[in-house]
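Notebook open, structure loaded. I want to look at one strand and its neighbours, then at a pair of helices.

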Amino acid sequence: MAAISIASLTKMKAAGDKIVSITAYDATFARLFASLGMDFMLVGDSLGNVVQGHGSTIPVSVADVAYHTAAVRRGAPEAFVVADMPFMSYSNPQQAYDSAAELMRSGANMVKLEGGEWLVETIRGLVERGIPVCAHLGLLPQSVNVLGGYKVQGREQSAADNTLRQALALQQAGAQLLVLECVPVSLAARITQQLSIPTIGIGAGPDCDGQILVMHDMLGLNSDYLPKFVKNFLADHGSLSAAVSAYIHAVKDGSFPGPEHSFSG
């Protein structure tokens, strides 16, 4: 199988082929995911919750993400790897350039930033300096203290229109991928249709160009609480490999996410 690149992800969108992704934090799981045909992996700042045991992603540092990115790269040398820019690591363009450079040196192919139009200058500058960017709209975990909790975003018409406008602005600035988190199905479909770059949903319904889940959620390891948009793929399969394969196939054939994993407007 040819190595995945941003160009091939864009071609998948154009062809209507679903993109499947998952978070990864270490070499062993990265090797497993790559061997089973995962399209790309995200070294998420969710490591603060699922690896470090924090209550949010806020404590995660650039050094933390760089450490795990290097581990994932060693486990999957040919994989397409996106690395999260953690909280307050891109508050101005120069800080973003420095943070992104550290993550790219650690093995990332692309960096991900949370936020809307205030990031236009930063994204433009990153791309001009050879650093591919994945944008992130909807529920922004790094801004949970401002948002007042983990709530679905964009349900009101004005908020939906604003999210679409920001998505278009981020694409224009040079973002080549967009994560949509916890937005209504109708809004995700609208954004996906109007953008030329791939959209990757998490709690954004089936109409995005692809899907991503936190690996611990997909395997049901956070059994005390599973968000509405999560399915435990290990529950009905006898091994980690079978569960990961089932997740990949379910995204590819469009059976996941279903209506029960999605939010209405």
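I started with β5 and found both faces covered: V133, A135 and L137 on one side and C134, H136 and G138 on the other are all buried. Buried here means under 20% relative accessible area with a 1.4 Å probe, protein chains only. In a regular strand, side chains alternate between the two sheet faces. With 6 of the 6 residues of β5 (133–138) buried, the strand is largely enclosed by the rest of the structure. Strands are DSSP E runs of at least two residues and helices H or I runs of at least four, numbered from the N terminus.

Note on provenance: this is a predicted model, where local features need pLDDT of at least 70, side-chain atom pairs count only at pLDDT 80 or more, and totals for chains, interfaces and linings use all residues. Residues are numbered from 1 along each chain as its sequence is written, and side-chain values use heavy atoms, leaving out hydrogens and water.

Next I checked the pairing (at least two DSSP bridges between two strands). β4 (residues 110–114) runs parallel to β5, joined by 4 bridges, and L113 has A135 as its bridge partner. On β6 (residues 177–181) I found 5 bridges to β5, again parallel, with L137 opposite L180.

Last, the helices. The axes of α2 (residues 27–35) and α11 (residues 240–252), lines fitted to C-alpha atoms over the stretch in contact, come within 10 Å and cross at roughly 55 degrees. I logged the contact (heavy atoms within 4.5 Å) as F29, L32 and F33 of α2 with L240, S241 and V244 of α11.

Conventions. Buried means under 20% relative accessible area, exposed over 50%, partly exposed in between (1.4 Å probe, protein chains only). Axes are lines fitted to C-alpha atoms, for helices over the stretch in contact, and angles run from 0 to 180 degrees between N-to-C directions.
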